[in-house]
Amino acid sequence: MDWIMLLTQAETGDNVAQYAAAYYYDWALTIGDVEIVAEDKLKAFEWYQKAYKNGNDDAIIRTADFLSEGVYCEQNVGLAIELYERAIDNGSGLAAGNLAIIYRDEQDYHKAFKLYTEALNLDKSNSLNLALCCYFGIGTEKNMEKSLEILLKISTNAPEFNNCQYDVDEANYLLGKIYLDGELVEKSIPQARHFLKLADADNDHRPAQQLLMIIGRNDLSG
């Protein structure tokens, strides 16, 4: 990648190049052992803002993220909400999930729940948050059956669901606990073990490891 050429294109007003420049400043760029672009959040916000103002839809959400947090720019929650809503109108479940965080921080859990639901309907993102709301009755009536349904879908990690590995691991951990509790489903240590081992597949999930210490990683009954 020619970084100088990309910056030149961005400076001429090319909104795709502006978004790309913002992205690389946001997360840095290293090729091999050579750092091409150092992380610079201030410049990232500058280019994201230029890109969205020039009509780049991909830049809208990240601009809103910066504005809602107010860490590398002056905080403007009102504008952040407007931008998230614009992105939601464009079909972004990620924007719905991020907007939900604003209302969560305001302790408007009902509105946050509605946005998590919208995120799931748009592109199946933020489904773990929705499952937790249903399980504990946060922002909605408690619906453990619905929570179980969502958690099982996350656990399959089907390509059509936008779940990161953290969400998949947490879903498997919660499923393991559900099978240990025996409240929602018939208690089953083998099933609990199955999901807990999935959660700890990379040997990095301490809560799952602790439960596996209690029930054992291997079924020695047979």
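Predicted model: local features only at pLDDT ≥ 70, side-chain atom pairs only at ≥ 80, totals over all residues.
Residues are numbered from 1 along each chain as its sequence is written, and side-chain values use heavy atoms, with hydrogens and water left out.

Let's begin with helix α10. Helices (H or I, at least four residues) and strands (E, at least two) are DSSP runs, numbered from the N terminus. α10 covers residues 165–181, 17 residues in total, and spans 24 Å from its first C-alpha to its last. That is close to the expected 24 Å, where the expected span is 1.5 Å times one less than the number of residues. How many of its 17 residues are buried? The count is 13, so α10 is mostly covered; buried means under 20% relative accessible area, exposed over 50%, and partly exposed in between, with a 1.4 Å probe and protein chains only.

Now for the partner, helix α11, residues 189–199. The two axes come within 7 Å and cross at roughly 165 degrees; axes are lines fitted to C-alpha atoms, for helices over the stretch in contact, with angles from 0 to 180 degrees between N-to-C directions. That makes α10 roughly antiparallel to α11, a label for angles over 145 degrees.

Next, Tyr52, which sits in helix α3, residues 41–53. Is Tyr52 buried or exposed? Tyr52 is buried, at 11% relative accessible area. Leaving out residues up to four places away in sequence, Tyr52 touches Ala59, Ile60, Thr63, Leu79, Leu83 and Arg86.

Finally, some backbone angles. Most residues other than glycine have a negative phi. Ala28 is not a glycine, yet its phi is positive, about 70 degrees. You'll find Ala28 in the loop between α2 (15–27) and β1 (29–31), and it is partly exposed at 24% relative accessibility. Asn203 is not a glycine either, and has a positive phi of about 60 degrees. Asn203 lies in the loop between α11 and α12 (206–215), and at 56% relative accessibility it counts as exposed.

Conventions
Parallel < 35°, antiparallel > 145°, perpendicular 65-115°, else oblique. Contact = heavy atoms within 4.5 Å.
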